[in-house]
Amino acid sequence: MPREEQPGQRAPPRGRVCEDRAGCLMCYLQDQVDTLTFQSQSLRDRARRFEEALRKNTEEQLEIALAPYQHLEEDMKSLKQVLEMKNQQIHQQEKKILELEKLAEKNIILEEKIQVLQQQNEDLKARIDQNTVVTRQLSEENANLQEYVEKETQEKKRLSRTNEELLWKLQTGDPTSPIKLSPTSPVYRSSSSGPSSPARVSMTPR
């Protein structure tokens, strides 16, 4: 709508009006450019901050996610060492098992030998028991024989003393001797020229 001129006012020249409009348009456009530039810079800053935050968050999450696997190589080495130790232990256990099996076989053989020896021992015990009975019987018989021999020895000594007494009485001519000699009893005298020794008289048992 054309601007109406007020009475008493002087209209500006046409060329100056155009210049003012162009300047205003330039100012307006410059303002728009500045505004857009500011908004663009703000958006860029926001995008950069968002990207940095996203990258930082991603790195943190990645670190958190990879944290259990940071020492994976060391853990693998440790597991490898543990497996080697376990394999060695298993190998040693297998060797021990083989040795135990051999010992078990030897024990079976030894048990069989022990059973044979036990049977032989039982047989020997039975023989020893029999020998003990026989030995006891022989000991009793030996004791009886010794007792009999002792009695015979005592009797022989008694008869020897009696014989010597009789010989002495015969030599001395003791008429009070109550002992009578058997007519068949020989009297042994010494043939030497020395003193006569007691003669040995054989007497018949009463």
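1. The model under review is predicted: local features need pLDDT of at least 70 and side-chain atom pairs count only at pLDDT 80 or more, whereas totals for chains, interfaces and linings use all residues. Residues are numbered from 1 along each chain as its sequence is written, and side-chain values use heavy atoms, with hydrogens and water left out.

2. The chain contains two helices and zero strands. Both terms refer to DSSP runs numbered from the N terminus, a helix being H or I over at least four residues and a strand being E over at least two. Helix H1 comprises residues 14–66, and helix H2 comprises residues 72–172. Just after H2, Gly-173 adopts a positive phi of about 70°.

3. Of the 206 residues in the chain, 3% count as buried. Buried denotes under 20% relative accessible area, exposed over 50%, and partly exposed the range in between (1.4 Å probe, protein chains only). In helix H2, the buried residues include Asn-163, Leu-166 and Leu-167. The chain exposes about 19700 Å², of which carbon and sulfur atoms supply 55%. These areas come from the Shrake-Rupley method with a 1.4 Å probe; for residues, only the protein chains shown count as cover.

4. With contact meaning heavy atoms within 4.5 Å, the chain may also be described by sequence separation. Among contacts between residues at least 6 apart in sequence, 31% join residues at least 24 apart.

5. The structure holds three salt bridges. The term requires a side-chain nitrogen of Lys or Arg within 4 Å of a carboxyl oxygen of Asp or Glu. In general, side chains of opposite charge can pair when their charged atoms come close.

6. One of these salt bridges links Asp-45 with Arg-48, with 2.9 Å between the closest N and O atoms. The two residues are three apart in helix H1 and are therefore separated by about one helical turn. Asp-45 counts as buried because its relative accessibility is 19%, whereas Arg-48, at 42%, counts as partly exposed.

7. Lys-151 is exposed, with a relative accessible area of 54%, while Glu-147 is partly exposed at 44%.

8. A further salt bridge brings together the side chains of Arg-158 and Glu-155, at 2.3 Å from N to O. Both residues lie in helix H2, three residues apart, or about one turn of the helix. Arg-158 is partly exposed, with a relative accessible area of 39%, and Glu-155 is likewise partly exposed, at 34%. An α-helix has 3.6 residues a turn, so residues three or four places apart point the same way.

9. Leu-25, Met-26, Tyr-28 and Leu-29 make a nonpolar surface patch of about 430 Å². Patches are made of residues with over 30% relative accessible area and no salt bridge, like charges being joined within 9 Å and nonpolar side chains (Val, Leu, Ile, Met, Phe, Trp, Tyr) within 5 Å. Leu-29 lies in helix H1 and is partly exposed, with a relative accessible area of 40%.
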